[in-house]
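You asked for a first reading of this entry. Please keep the viewer open while you go through the points.

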Protein chains: 2
Amino acid sequence: MPGKKVSEKTIRRLSHYARCLRRARVDGIPIVTSKHLSERCGISSAAVRKDLAVFGEFGKQGSGYGVSDLLENIERILGTCAPPGVIVIGAGNIGSALLESGLDGTGGYSYSAIFDNDPEIIGKTIAGVTVQPVDELREVISEHGDVIAILAVPPGEGQNAVNNLVSTGCISILSFTLEPLDVPDGVVLRYVEVSTELDILTHSMKCRDLP
Amino acid sequence: MPGKKVSEKTIRRLSHYARCLRRARVDGIPIVTSKHLSERCGISSAAVRKDLAVFGEFGKQGSGYGVSDLLENIERILGTCAPPGVIVIGAGNIGSALLESGLDGTGGYSYSAIFDNDPEIIGKTIAGVTVQPVDELREVISEHGDVIAILAVPPGEGQNAVNNLVSTGCISILSFTLEPLDVPDGVVLRYVEVSTELDILTHSMKCRDLP
């Protein structure tokens with residue numbers, strides 16, 4: 001079902017399967033079972049089998065799934081056969097750490113540029129990528145076409161950075177900043193919120209003794 | 001409703017309100033309206049009013065909500081009045097960046113310890129916290145009581161680190177590593193998955209022109 005819009009929960013599971021399959025491919029494993037995927041992805045066997053049944057004729061129960069075929073099908077559903085470039089706004093601690101950690105195993109994503117407005121930082125090289133001035137954002141985006149922008153700017157600078165990105169035509173943003181940000185319709189903004197994750201974990205700890 | 005288990009979606013919204021209210025308190029604002037919370041948190045006015053109606057007698061429509069009272073109530077629901085300590089396993093790029101970025105504005109969370117098993121890194125100080133050998137994990141956790149452990153170890157080392165944490169009694173883990181990890185019942189494990197976020201954004205980009 002290429003091109004069909006799929007729920008976020010399903011995308012999340014497919015994303016896990018894809019990472020698992022890439023590892024299997026690297027390890028030279030040609031065929032996997034739903035049990036293998038279930039164990040490696042921490043997703044129940046029943047859910048794995050249901051997903052694979054829904055998303056096409058990927059294999060036959062009992063005989064397993066061909067790793068390359070299954071991965072190709074999942075990547076077609078995800079739309080990640082030719083993944084967009086990833087740029088980072090802000091070359092501080094988090095931005096630098098992201099570049100240094102890299103995107104190995106993610107199926108072809110890579111950091112194509114990083115921007116900052118601090119003259120002390122511009123021109124430095126982080127994991128092989130040179131920090132560019134924010135002024136060059138428009139040029140780089142028009143050169144790359146579709147990109148995902150990761151926002152790693154200091155508190156208070158998020159909305160300006162978003163406005164700047166949106167004005168260049170960027171429609172996909174992943175924010176590591178903790179402020180709520182506004183985007184116009186048609187722009188997808190997602191958050192990585194350590195602070196909210198901590199609240200969710202704390203709440204579950206406090207509730208562990210409740211019935 | 002202190003102590004009652006609340007859905008993750010609601011926790012996420014309450015966590016945003018709490019951050020908003022802390023900013024208001026810092027700015028010396030004594031009273032906020034649901035419109036203010038709605039605008040600052042990027043959550044619809046209707047949802048804000050519904051939440052505040054569900055979670056107690058926080059204020060009267062039209063006259064706004066007392067910032068301190070509302071924050072206190074929300075923190076009681078979240079269980080974050082006395083937040084647990086946060087420890088980090090792995091003092092590489094991501095672990096170091098987390099400590100350097102700090103947890104200001106999160107209502108009292110702070111990084112209380114960081115661990116690594118690399119003799120070259122042990123003893124270094126990151127944002128005022130000295131890197132300790134992993135061997136000292138048990139001692140530190142028994143000293144601190146409940147903690148949330150953030151996992152920022154290299155690929156392939158995640159499951160060992162989790163097993164080690166679980167054996168010390170840790171029941172709350174936030175993983176920045178990309179491998180699926182197993183935990184026994186009663187341990188809550190959450191993931192910050194940049195790679196999955198990229199897949200979700202890519203999928204939404206590919207689907208933008210679909211009906």
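Predicted model: local features only at pLDDT ≥ 70, side-chain atom pairs only at ≥ 80, totals over all residues.

The notes below go from the single chain to the sheet and then to the pairing of the chains.

1. Overall build of chain A. Chain A has eight helices and ten strands. Its C-alpha atoms fill a box of roughly 60 × 50 × 35 Å along the principal axes. Of the 211 residues in chain A, 42% are buried. Among contacts in chain A with a separation of 6 or more, 53% link residues 24 or more positions apart.

2. Domains. Chain A is assigned two stretches: domain 1 covers 8–77 and domain 2 covers 85–196. The centres of domain 1 and domain 2 of chain A, taken over C-alpha atoms, are separated by 31 Å.

3. The sheet in chain B. Seven strands form an open sheet in chain B, with mixed pairing and the order 6-7-5-4-8-9-10. Which strands stand at the edges? They are strand 6 (125–126) and strand 10 of chain B. Each has a single partner strand, so one side of each has no neighbour in the sheet.

4. Strand 8 (residues 147–151) and strand 9 of chain B run parallel and are joined by three bridges. One pairing to look up is B:Ile150 with its bridge partner B:Leu174 in strand 9 of chain B. Helix 7 (residues 158–167) of chain B packs on the sheet. Helix 7 of chain B touches strand 4 (85–89), strand 8 and strand 9 of chain B. The direction of helix 7 makes about 170 degrees with that of strand 8 of chain B.

5. The contact between chains. How many residues does each chain bring to the contact? Chain B gives 54 residues and chain A gives 53 residues. On the chain B side, the elements that give two or more residues are helix 1 (8–26), helix 2 (34–41), helix 5 (93–101), strand 9 (172–175), strand 10 (188–191) and helix 8 (194–206). Helix 8 of chain B supplies the largest share, 13 residues. By type, the chain B side divides into 25 nonpolar, 17 polar and twelve charged residues.

Notes. Residues numbered from 1 in each chain as written. Chains lettered and ligands numbered in written order. Contact = placed C-beta atoms within 7 Å. Helix = DSSP H or I, 4+ residues; strand = E, 2+ residues; numbered from the N terminus. Nonpolar A, V, L, I, M, F, W, Y, C, P; charged D, E, K, R; others polar. Domains from an automatic or database assignment. Pairing = 2+ DSSP bridges. Axes fitted to C-alpha atoms, helices over the stretch in contact; angles between N-to-C directions. Buried ≥ 20, exposed ≤ 12 C-beta atoms within 10 Å, placed from the backbone.
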